[in-house]
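Please read it alongside the sequence and the model.

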Amino acid sequence: MQTTIHLTRRSALMTGAAAVLAGAAGVAPRVALAKAEMKGTAVPLFSRLKLGDFEVTTLLAGTRTVGAPHGIFGTNVSDADFKAAADAAFIPADKAQFYFTPTLVNTGAELILFDTGTDPAGLVAAITAAGYAPEQVDKVVITHMHPDHIGGLMGEGGATFANAAYVTGATEHNFWSGQANELFDKNVKPLNDKFTMIDDGGTVAPGITGMNAYGHTPGHMIFMLESGGQRLAVTADTANHYIWSLGHPDWEVKFDADKVGAAASRKKVFGMIAADRIPFIGYHMPFPATGFVEADGSGFRYVPASYQLIMGEPG
Ligand SMILES: [Zn+2]
């Protein structure tokens, strides 16, 4: 009686492997002497780029996996639409990886930090890994005053950045000053005397300009860096997910205080970045949080940076 064997591709591969082993008959099988330990997943803590005469370092102050992302992003669309966007991007729909990425800019004259993560420990670990000390930071710029941006300002021993001056948007500071907010009172108020408030078009340092991008919070600001004829935008929380927010700027986001205003800011800011083909750093983009966008339908396609900003002269 004939037996028909149907090989799946996997069993065909296994059969091949068995044949190879059989061919090595007479050779004693190797015994693994020591099992290497499992290390767990790993991500780098910093990435340093060049923008004209500036050095720009993105710092991974923290990352974690969060469940039920549809409760946060695309709250005005169906489960099916949400999952379809996830499927198309090869990411799960039932959980998401969150990143918190402050940016450190060395202009040559000043070391300027944008945002501070959820706590001093994660931020200082990344700053140290990148080769700096917190005492070297000359200015701290706060894009907006959510806990994951002001959390690193203060620790048990007081201010994390002993020698820093501070910059933030006047509208943002005024808004939180008028609220009962424990973290603002603890982390920002004690530094009030050291804060400079700016408005749309305000300058942080030569080559660094603030722009209003309201909506996520009442006074949320982004910053344009320019050096040696090159530009890069620090877009903070204008878009908080590279698919569900950049790809679909009209999808509502739980964390946006003004849903309509935030969507308008997303379209305006990323429309400009797409038109000018300039790189941006997004605080919650997948680390190292640097990329480009192109207009795509009613939203934007995220193009992670590869080597554009680390290249030297050919030679
Ligand atoms: Zn944030």
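Helix α3 is followed by G131, whose phi is positive, near 95°. Helices (H or I, at least four residues) and strands (E, at least two) are DSSP runs, numbered from the N terminus. This is a predicted model, in which local features need pLDDT of at least 70 and side-chain atom pairs count only at pLDDT 80 or more, while totals for chains, interfaces and linings use all residues. Residues are numbered from 1 along each chain as its sequence is written.

**Helix α3**

- Helix α3 spans residues 120-129, and its buried residues include P120, G122, L123, V124, A126 and I127. A residue is buried if 20 or more other C-beta atoms lie within 10 Å of its own, exposed if 12 or fewer, and partly exposed in between, with C-beta atoms placed from the backbone.
- Among the elements covering the buried residues of α3 are β1 (46-51), β2 (54-59), β3 (62-67), β5 (103-106) and β8 (154-155).

**Chain and confidence**

- The chain has seven helices and 18 strands, and 42% of its 315 residues count as buried.
- The C-alpha atoms fill a box of roughly 90 × 45 × 45 Å, taken along the principal axes.
- Two residues are in contact if their C-beta atoms, placed from the backbone, lie within 7 Å. Among contacts between residues at least 6 apart in sequence, 69% join residues at least 24 apart.
- The mean pLDDT (the predictor's confidence in each residue, from 0 to 100) is 93, and 91% of the residues reach 70 or more. Over residues 15-24 the pLDDT is below 50, and this stretch has one contact in the model beyond near neighbours in sequence.

**The seven-stranded sheet**

- Seven strands form an open sheet with mixed pairing, in the order β12-β13-β14-β15-β16-β17-β18. Its edge strands, β12 (203-205) and β18 (299-304), each pair on one side only. Two strands pair if DSSP finds at least two bridges between them.
- From one strand to the next, the twist averages 35°. Axes are lines fitted to C-alpha atoms, for helices over the stretch in contact, and angles run from 0 to 180 degrees between N-to-C directions.
- Strands β15 (residues 230-236) and β16 (residues 280-282) pair in the parallel sense over three bridges; A233 has F280 as its bridge partner in β16.
- Helix α7 (residues 259-276) packs on this sheet, touching β14 (221-227), β15, β16, β17 (290-296) and β18, and its direction makes about 95° with that of β17.

**Nonpolar core**

- A nonpolar core is a set of buried Ala, Val, Leu, Ile, Met, Phe, Trp, Tyr and Cys residues joined through C-beta atoms within 7 Å. The largest has 73 residues, of which V141, F223 and L225 touch the most other members.
- Leaving aside neighbours within four places in sequence, F223 is in contact with F114, V141, V204, I208, T209, G210 and V234.

**Loop residues**

- D256 lies in the loop between β15 and α7 and is buried because 22 other C-beta atoms lie within 10 Å. Not counting residues up to four places away in sequence, D256 touches G215, H216 and A262.
- F90, in the loop between α2 (79-88) and β4 (95-100), has a positive phi near 60° without being a glycine. With 7 other C-beta atoms within 10 Å, F90 is exposed.
- R277, in the loop between α7 and β16, is not a glycine but has a positive phi of about 55°. R277 is exposed, with 10 other C-beta atoms within 10 Å.
- A cis peptide bond joins F287 and P288, with omega about 10°; P288 is in the loop between β16 and β17.
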